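Subject: Structure for your review

Dear colleague,

Please find the structure below, together with its sequence.

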Amino acid sequence: MLVVTRLRTPGPDGTAEEELRRGLLHALGILAAKPGYVGGEVGRNVDDPSLWVLTTRWENVGSYRRALGSYEGKMHIQPLMVHAVDEPSAYEVVEEGTDLNEVRPRSIG
């Protein structure tokens, strides 16, 4: 599973940018210590320096959700998400021969 979260610097000053940068690098360190983590990076857009990205790879969606729901995730990562661009962020990895997820209603019960 691949998670791509884009975030905007909360203000035009260098302090806000540095705080977001430190926060994202700290978040990456927290996630890297969680079971199911495969890899990740923090990046900044080359054309729009106010746009940042936190990209992580996971063994499965459950591992990612448990990492975000952990104490450290709630305390240090979720507060950063106020700066996230409102868009879907979780993707399945597509490889030759992979059965892709299908959109369908979930059964109740």
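The UniProt annotation "domain: ABM", from an unreviewed entry, covers residues 3-94. UniProt positions are given in the numbering used here, feature names are shortened, and annotations may be inferred rather than shown by experiment. This is a predicted model, in which local features need pLDDT of at least 70 and side-chain atom pairs count only at pLDDT 80 or more, while totals for chains, interfaces and linings use all residues. Residues are numbered from 1 along each chain as its sequence is written, and side-chain values use heavy atoms, with hydrogens and water left out.

The span 3-94 is 38% helix and 26% strand, and its end C-alpha atoms lie 13 Å apart. Helices (H or I, at least four residues) and strands (E, at least two) are DSSP runs, numbered from the N terminus.

Buried means under 20% relative accessible area, exposed over 50%, and partly exposed in between (1.4 Å probe, protein chains only). E1 pairs in the antiparallel sense with strand E3 (residues 51-58) over seven bridges; two strands pair if DSSP finds at least two bridges between them. In E3, leucine 51 stands opposite arginine 8. E1 also pairs in the antiparallel sense with strand E4 (residues 90-91), over two bridges, and there tyrosine 91 is the bridge partner of leucine 2.

Leaving aside residues up to four places away in sequence, leucine 24 touches Leu7, Val42, Trp52, Leu54 and Leu80, where contact means heavy atoms within 4.5 Å.

Rings of Phe, Tyr and Trp (its six-membered ring) pair if their centres lie within 6.5 Å; planes under 30 degrees apart count as stacked, over 60 as edge-to-face and the rest as tilted. By this rule there are two aromatic pairs. The rings of tyrosine 37 and tryptophan 58 have centres 5.4 Å apart and planes at 80°, so this pair is edge-to-face. Because tyrosine 37 lies in strand E2 (residues 37-44) and tryptophan 58 in strand E3, the pair ties together parts that are 21 residues apart in sequence. Both tyrosine 37 and tryptophan 58 are buried. Tyr37, Trp58 and Tyr64 form one aromatic cluster.

Yours sincerely
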